[in-house]
Amino acid sequence: MPIINKEQIEIIETIGDNHIFSGIETPLLSDAFEKSDDEKIKNIEHYFGQIMNELGLDLSDDSLSGTPYRVAKMYVKELFYGLDPKNKPKISTFLNKYGYKKMLVEQNITIDSACEHHFLPITGHAHVGYIPKDKVIGLSKINRLVDYYAHRPQVQERLALQILNDLQTSLETEDVIVMLSAKHLCVSSRGIKDKDSFTTTIEYGGCFENKSNREEFFGIVGNTSI
Ligand SMILES: Nc1nc2c(ncn2[C@@H]2O[C@H](COP(=O)(O)OP(=O)(O)OP(=O)(O)O)[C@@H](O)[C@H]2O)c(=O)[nH]1
Ligand SMILES: [Zn+2]
């Protein structure tokens with residue numbers, strides 16, 4: 001098990017906010033999905049039990065005894081189900097038979113994610129717009145895709161890029177815009193403990209490079225709050 005040493009802690013403290021983003025892909029081990037979900041749950045249950053032990057909690061207490069298993073199952077099956085490509089929603093597209101060529105916006109999509117630095121919740125909303133070419137997508141598939149990429153340890157910038165990139169590929173157009181506004185519990189409930197601030201990220205391509213298209217989108221989604 002990798003143990004972080006004093007030198008590495010100093011590096012983390014020094015890098016601070018200037019994290020090196022290694023690209024759009026979530027950094028994963030090459031054998032990330034060789035174990036079954038059940039094996040992962042069993043192992044995480046063991047490790048989380050050890051964490052609780054270190055904290056001095058009595059695992060024989062009937063309220064605490066099931067917690068290591070509960071947390072393990074929650075990580076693998078719920079909070080981080082979006083790490084595993086087998087859980088990716090099937091994105092069915094349809095031919096744009098009606099020839100709709102204007103903007104479509106799916107807004108106020110719930111974001112339930114977790115920050116990869118502290119494993120604390122990120123909650124907020126996503127707004128997604130696109131201008132169809134030959135293909136259109138079932139509306140709920142946009143929500144499902146946001147949900148899938150959100151359910152990984154994330155940084156908000158990467159989450160926006162992963163959603164954008166996937167939609168551009170599925171829809172076979174660059175003309176997509178993704179805006180996320182979210183609250184990070186690592187900012188509001190620990191550290192600086194700022195209860196009111198939230199974070200907005202905007203990523204786009206194609207015709208959204210054009211300011212008037214972006215303004216039309218911003219006009220629809222309005223002033224963001226979360
Ligand atoms: N860019 C970016 N930063 C994030 C995101 N989520 C959390 N962070 C930041 O990641 C940084 C981690 O900084 P560190 O200095 O290594 O960690 P820390 O000592 O816990 O930092 P503090 O929160 O300032 O106490 C913090 O500034 C977080 O606010 C995100 O989605 N995007
Ligand atoms: Zn955090």
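How much of the chain over residues 45-219 is helix and how much is strand? Select residues 45-219 in this predicted model: the stretch is 37% helix and 26% strand. Its end C-alpha atoms lie 47 Å apart. UniProt, in an unreviewed entry, lists these residues as "domain: GTP cyclohydrolase I".

**Stop 1: the listed binding site**

Next select Cys115, His118 and Cys186, which the unreviewed UniProt entry lists under "binding site". They span 72 residues in sequence, but no two of their C-alpha atoms are more than 7.6 Å apart, so the three gather at one spot.

Start with cysteine 115, in strand β2. Display its contacts beyond four places in sequence: Leu120, Ile122, Gln154, His184 and Cys186. Cysteine 115 counts as partly exposed because 18 C-beta neighbours fall inside 10 Å, and a buried residue would need 20 or more.

Move to cysteine 186, in helix α6 (residues 185-188). Cysteine 186 is also partly exposed, with 18 other C-beta atoms within 10 Å. Leaving out sequence neighbours up to four places away, its contacts are Cys115, His117, His118, Leu120 and Gly191.

**Stop 2: glutamate 106**

Go back along strand β2 (residues 104-115) to glutamate 106. Here 17 other C-beta atoms lie within 10 Å, so glutamate 106 is partly exposed. With neighbours within four places set aside, glutamate 106 is in contact with Val128, Leu139, Ile142 and Asn143.

**Stop 3: helices α4 and α5**

Select residues 139-150 for α4 and 156-171 for α5. The two helices pack at an angle of about 140°, and their axes are 10 Å apart. They are therefore oblique to each other, since an angle must be over 145 degrees to count as roughly antiparallel. The crossing of α4 past α5 is right-handed. To see the contact, show Leu145, Val146, Tyr149 and Ala150 on α4, then Leu159, Gln162, Ile163, Asp166 and Leu167 on α5. Colour these by class: seven are nonpolar, one is polar and one is charged.

**Stop 4: leucine 95**

Finish at strand β1 (residues 93-95), which holds leucine 95. Is leucine 95 buried or exposed? It counts as exposed, because it has 9 C-beta neighbours inside 10 Å, and the limit for exposed is 12 or fewer. Beyond four places in sequence, leucine 95 touches Asp134 and Lys135. From leucine 95 to glutamate 215 is 120 residues in sequence and 27 Å in space, C-alpha to C-alpha.

Notes. Residues are numbered from 1 along each chain as its sequence is written. Chains are lettered from A and ligands numbered from 1 in the order in which they are written. This is a predicted model: local features need pLDDT of at least 70, side-chain atom pairs count only at pLDDT 80 or more; totals for chains, interfaces and linings use all residues. Helices (H or I, at least four residues) and strands (E, at least two) are DSSP runs, numbered from the N terminus. Two residues are in contact if their C-beta atoms, placed from the backbone, lie within 7 Å. Axes are lines fitted to C-alpha atoms, for helices over the stretch in contact, and angles run from 0 to 180 degrees between N-to-C directions. Angles under 35 degrees count as roughly parallel, over 145 as roughly antiparallel, 65 to 115 as roughly perpendicular and the rest as oblique. A crossing is left-handed if the near helix is turned anticlockwise from the far one by less than a right angle, and right-handed if clockwise. Ala, Val, Leu, Ile, Met, Phe, Trp, Tyr, Cys and Pro count as nonpolar, Asp, Glu, Lys and Arg as charged, and the others, Gly among them, as polar. UniProt positions are given in the numbering used here, feature names are shortened, and annotations may be inferred rather than shown by experiment.
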